[in-house]
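Morning, everyone. Please have a look at the model before I start.

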Amino acid sequence: MEIPVSPTPRLLALRRVENRWIHSMKRVAIAGALALTTALPATGWAAAPALPEIRFAINTDTTTSMPGNVLRNTFTDEILANVIESLVALKSDLSVAPMLADSWDISPDGKQYTFHLRHGVLFHDGTPFTSADVKWSFDFFMKPQSGYVCRGNYDGHRGPKVLAVTTPDPHTVVFDLDRPSALFLTHMTEPRCPLAILSHASVDKNGAWLKPVGTGPFVFSEWKQGQYVLLKPFAQYQSRTEAPSGLAGAKHPQADVRFVAIPDEAAQVSALMSGQIDVMNISENNLPPADPHWHVIVGPGADPAAMLMQTRDPLLADVRIRRAIALAVDLPGVVNAVSGGMARYNSSLTPDAEAFYTAGDAVGYKQNLPEVKRLLAAAGYAGQTLTLETNRRYPHMYSTAVYMQSLLSQAGINAKLQVVEWGTQVNDFRSGHFQLMSFGYSARIEPALMYGDVLGDKSKNPMVQWDNPKARALLRSIDGVSDPSARKQVFQQLHQMMMDDVPMIVLYDSPDLTLVSNRLQGVTTWPLRLKRFSNVTKN
Amino acid sequence: MLSYIIKRLSMAVPTVFIVTLLVFGMIRAIPGDPASLMLGDLNDPALLQQMRHSFGLDQSIPAQFVIWVSHLLSGDFGMSIVRHQPVLELIRETFPVTAEIVLAATFLACVIAIPAGLFAAWMQNRRGDLAVVMGSIMLVSIPSFWAGILLIWLFGVKLHLLPTFGYQPFSQAGWASLKYLVLPVIAVTLGEIAVVTRMMRASSIEVLRLEYIAHARAKGLSERRVLLRHTLPNAFGPTLTVIGLVLGHLLAGGAVIETVFTLPGMGRLLVESIYSRDYPVVQGCLLVIALLYVLTNLVVDLLYPIFDPRLKL
Amino acid sequence: MPSSPKRARRANLVIGAVLVGLLLLIAVVNLVYTPYGPLDVNIHARYAPPSLHHWFGTDEFGRDILSRIMSGAGVSTTVSVCSVLFALLAGTSIGAVCGYAGGWFDRLAAMLIDALMAFPGLLLALGIMTVVGPSKWGVVVALGLAYTPSVSRIARGAALSLRQRDFVVASRTMGNSGAWTLLRHVLPHCVAPLLVFSTSLFGSALLAESALSFLGLGVPAPEPTWGGMLADGRTAIDQAIWVVLFPGAAISLALFGINLFGDGVRDLLDPRMKGGM
């Protein structure tokens, strides 16, 4: 029941024109099914298990079973999101909702959070969940040996410093902070490093990690390194009663879930068509034709695609040239072409699917060629070449660059493509060594986190894109302000300032595409992309 | 014989050492490191430090080299940074795939090329010879990756006879696994046939010109006997060297074919690890390839005298 | 048939020369004329099949494939020729000096060269390209370096065999410096084997450049390269086979011509092979 809050790109029925291809893909599917059924590994996971088994394809196996560990990859986050829970959880509009805490009180000075915990919740090993477990989990993650990547959020470096965690009774836990923080709760829900509430049975008697024993709807049952992870429904899961939304609300596990590592996307598609897997992430250029056996779910994402401009470059330091670049191209048209109509132009760093998105955020650049001419002339642009860096690994970044280069040239701005290998591009991004760059940020769960990574002092940190002290001060001013409307106001202001400064051209939020077999019911998408398998059934 | 082997092996040691040095330096010369690549656009210097420390990247390069070599000597190839699996395990999983294709292709190529080369030498400068020579020049001109793509198109997309990608090991799927090998092996064999044919032909011509062949013919031996009993074994020697070269070359060039057919082989592991800056894996793979090269050459050198009694060890 | 071998060899040389000539011609013509700009995007003509407008069809961005193949000819030829020249220059200098000098210097160098040759050429080039980043001259240097060891081996072999020859010894006795003797007496004798080798090297370089472009580490997009076009077209073979058919055919024809030509040259220069091809 995932209805995105704000208007989103309509769900499209996708089709291909060539009927021949549909016909041949069916035959490929049959051949593939024959091939794969005769070639299944002897471990027997293809044999029908007692419970139905949902199979989800991941590109590479998880590298650890501990949430937030330094070794983690995206699939670690995805798998564990079904296994562990925190005090709070994110809804699909990325707002904070209760999870293991039913409610909480914040002291007037903002420095004390009192959480009232749920009753009757059990861990996967059957032991009851109490406030002592919250304290234990927090202490475990904050130990340097645990390898938790987000200690900075709680020790004062990137967030408030937690002075003490106290447990007045088994269902109340109190966090004392050194200063008010608007993001204290949000940080707990960070997909890469959730503040998971774990049982101490997750570690052995020496404190070394064993496996995640959490409170989530699924139990971490089996892990064959390099191949798959198997989750089983937690029979004693106590679901919340609110409507499911994002990772919050009611969760009812219905089937086993197996995360299967299949490195190649085309191989995943083939596996889905032959019934070996049921659901997978898919990119726009690999979509199969419409078929009664599967469908594609398109939903909004929260990862902004942008064209960056190096404001320290001698040529681009002139805001008139940057502004000219922003006005030279039909941005909605480019977004439409690049995303195949599945995303729309969003000029703001705040994703349009988020609760914080406002009408002010929707104000973008409108193509204005006469103004471009005027600006270029005023800046004294004499046709110098600008390099636009991109890579081949992410087709959207490449397509965007190809279109932008061509359209900029048509508008009189001499842009030249420079295609580099992705690793090199990341290096150039982090060192600021580029002029124009077609790039895509990964999602942040709150606009302040995105603005925080984008704003900064370029002379100290070459990775930041927007060097504006006033904007930085404005962002810092809401560090302790939790009131959503006040924050919205500030984000709107920041957006306006960014539109004036033109440090980059934000284009759209990469949509989330999922290819699902019609045997599954209840699969939904949300901007953070993590697959949730509670509430999903399989025939 | 033994002293020869020892001598050759000891000559290989400095070679391998130089290779390890080269490998180590080269991969680190590539801009970017695995930690910052994994971090991507996240602006967290403390986390970057933490990751670099856990991957052992915060030490000086000479120190890293010494650590790597000392682990190597005890058989530990290190741990993949991206996959967090032992490098040796990854190589053990992927190398058989590459080897299967290379060996099958080489075997197939020899089965076709050796008779073809012999035949061409026997029919020298007549139509049969010209056909073989022209055919082999044509084959060697076809890039294996183009042949691979066209084979996929023809047999996979149009005719639906064979799978277009993927792999199943023999141990798991038995004879059914062979259908994943057919197209890649054909693509690789095409080029190989040409090289082996030409060498076989050239050395057969040399042998056929020798006096004792004329002598054998004068004695009244059948042509077949002359060819199979007298020509083939003697012409095979130089051809063996070429086969060794080809084998070594293929082990390295696996990357291209494995990319086309999406095979989980060592070549593809190597290329992907270069892209993700997975230093330990790159170092391990290149080391293994260099060792194989040296080993193959050694084996070929040792087998050569069997076919050429003029050589004494 | 006595005249047939000579005729056959001559025919090979001629066909090879014609094809190579065609390659060079296209490479030159592409500098002044191509039916469409090789980089011109055309959103309305994506994946158009071969027709009168586009003889070889168009690719994913609507770019004319014939024009891109012509442009690719220029790129491939430049890169191959330059990398072979690089290898010849570097390899001959190193090899001849080593072979001529002899002694520990030669043995050390031989060991280094052997180590480099334990490195499959393509991987060495791949490694260099990842360090340098995709660039045209990067490919030239990478391939040149990859081939230098084999060239130097040949030069060294020739120089070694010549060291003890009368005229070389005489030259030194007369008081000429080593360097002069090297240049005047040794190097000219290296030419023949090197010339033969360089014709096959040219073919290898063309193929290697295509392979590197295919892997994404050759001459960078959007500059058209034959290997790069193959890589781009791979995902679309079900709907547009012409995107891979024509560039691959171009590579094959070029290699075919080079190989034939190389064989012909070898026959002319290598007296040992007089009896055959």
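Predicted model: local features only at pLDDT ≥ 70, side-chain atom pairs only at ≥ 80, totals over all residues.

Residues are numbered from 1 along each chain as its sequence is written, while chains are lettered from A and ligands numbered from 1 in the order in which they are written.

Chain A has an open sheet of ten strands with mixed pairing, in the order 8-9-10-1-11-16-12-15-13-14. Strands here are DSSP runs of E, at least two residues, and helices are runs of H or I, at least four residues, numbered from the N terminus; two strands pair if DSSP finds at least two bridges between them. Strand 8 (218–224) and strand 14 (415–419) of chain A each have a single partner strand, so one side of each has no neighbour in the sheet. From one strand to the next, the twist averages 20°.

Strand 1 (53–58) and strand 11 (279–281) of chain A run parallel, joined by two bridges. Ala57(A) has Met280(A) as its bridge partner in strand 11 of chain A.

Now chains B and C. The contact takes 40 residues from chain B and 36 residues from chain C, where contact means C-beta atoms, placed from the backbone, within 7 Å. Which helix gives the largest share of the chain B side? Helix 1 of chain B does, with seven residues. That side divides into 32 nonpolar, seven polar and one charged. Ala, Val, Leu, Ile, Met, Phe, Trp, Tyr, Cys and Pro count as nonpolar, Asp, Glu, Lys and Arg as charged, and the others, Gly among them, as polar.

Technical notes:
Contact = placed C-beta atoms within 7 Å. Axes fitted to C-alpha atoms, helices over the stretch in contact; angles between N-to-C directions.
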